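Me: I am new to this structure and would like to learn how to read it. Please take me through it one feature at a time.

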Amino acid sequence: MTSFAGWQMPLRYGSETAEHLAVRRAAGLFDLSHMGEITVTGPDAGAALDYALTGQASAVPPGRARYTMICAEDGGVLDDLVVYRQGKQEFLVIANASNTATVFGALTERAADYDVAVVDATQDYALIAVQGPAAAGILAPLAQLEPAGLELGAMKYYAGAFGTVAGRKAWVARTGYTGEDGFEVYCRPQDAEHVWTVLAAGGTASGGTGAGGTGAGGTGAGGTGAGLVPAGLAARDTLRLEAGMPLYGNELGPDVTPFEAGLGRVVKFDKPGEFVGREALAARASSGPSRHLA
């Protein structure tokens, strides 16, 4: 265990190498409840997020998600985010744990002139992720999604739906930060232990679907059935690094714009209206970055 952003987090359950390989070949189970959840709701929710962020949240259909960033006036990255549109006027913004207060403060300030409510709802959510090629096969028997009949396997990448997992209410999204297929389950904190336990049992039971647990042995989950093993922060870091995904505080920070990070695509200059950092980001886009993340 290790201290991380005010939480006690598992760095590894056994071997971080085995946990990494299990996600690549079968599946890993992650407790990501340290991530920040901020709700933005109301008639102007889309417009407020368009002004606050580099992306165009108002163009995201309900049930879909976007990877985006929140920048300072000088174009420096305050955080990279995933934004889910859960309804016409309901958005869920996922912030990095160490930046939740910063993102919440910035969103609150930038939304002041809009008819919208910004709430730090982090304490209302636990987050459990199942990542790897066997993830869909493990989660599907335990998930019932809305509308009735929606199949987990048919869910698109960067999409989400309300429903239940192991009989408990949840928002289920086909998102993650490992470079593999997988799902993230947002549930109530009081339901997290039950959801984790049922998922762990379903992913390690004999006869489960998936990749057979190749390379997953010795991590405490048996390595049987679908090969699901619990995975810690160390494997999460090596997985995202191998997949070329930046981590705030390492490759991203206030001294880096999206263009230095090779992520200029998240800056939507063609969206209507102004947004914070537009002028500085436009200047950087036209002049070209002085350094490149490799």
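Me: How many bridges join β10 to strand β11, and how do the two run?
Reply: Strands (E, at least two residues) and helices (H or I, at least four) are DSSP runs numbered from the N terminus, and two strands pair if DSSP finds at least two bridges between them. Here 3 bridges join β10 to β11 (residues 160-165), and the two run antiparallel. Within this pair, Q144 stands opposite T164 of β11. This is a predicted model, in which local features need pLDDT of at least 70 and side-chain atom pairs count only at pLDDT 80 or more, while totals for chains, interfaces and linings use all residues. Residues are numbered from 1 along each chain as its sequence is written, and side-chain values use heavy atoms, with hydrogens and water left out.

Me: What is the order of the strands in the open sheet?
Reply: The order is β10-β11-β12-β13-β9-β3-β14, 7 strands with mixed pairing. β10 (143-145) and β14 (228-230) are the edges; each has a single partner strand, so one side of each is left without a neighbour in the sheet. On average, neighbouring strands of the sheet are turned by 30° against each other, direction ignored.

Me: Which strands does helix α1 lie across?
Reply: Contact means heavy atoms within 4.5 Å. Axes are lines fitted to C-alpha atoms, for helices over the stretch in contact, and angles run from 0 to 180 degrees between N-to-C directions. Helix α1 (residues 16-25) lies across β3 (27-31), β9 (126-131) and β14, and runs at about 115° to β3.

Me: At what angle do α1 and α6 pack?
Reply: Angles under 35 degrees count as roughly parallel, over 145 as roughly antiparallel, 65 to 115 as roughly perpendicular and the rest as oblique. The angle between α1 and α6 is about 50°, with their axes 9 Å apart; the two helices are therefore oblique to each other. On the α1 side the contact includes E16 and H20, and on the α6 side it includes A234 and L239.

Me: Which residues have the most contacts inside the largest nonpolar core?
Reply: A nonpolar core is a set of buried Ala, Val, Leu, Ile, Met, Phe, Trp, Tyr and Cys residues joined through side-chain atoms within 4.5 Å. Buried means under 20% relative accessible area, exposed over 50%, and partly exposed in between (1.4 Å probe, protein chains only). The largest core has 36 residues, and those with the most contacts inside it are F30, Y67, M69, V82, Y84, I94 and Y186. β5 (65-71) is among the elements that each supply at least two residues, and β5 gives the most, with 4 residues. A second, separate core of 29 residues includes A126, A136, A161 and L199.

Me: Where is P147, and what kind of peptide bond joins E146 and P147?
Reply: Most residues other than glycine have a negative phi, and most peptide bonds are trans. A cis peptide bond joins E146 and P147, with omega about 0°, and P147 sits in the loop between β10 and β11. That loop also holds Y158, whose phi is near 60°, a positive value in a residue other than glycine. Y158 counts as buried, at 13% relative accessibility. A166, in the loop between β11 and β12, has a positive phi near 55°.

Me: How far apart are G55 and V266 in sequence and in space?
Reply: They are 211 residues apart in sequence and 5.8 Å apart in space, C-alpha to C-alpha. G55 lies in the loop between α2 (45-52) and β5.
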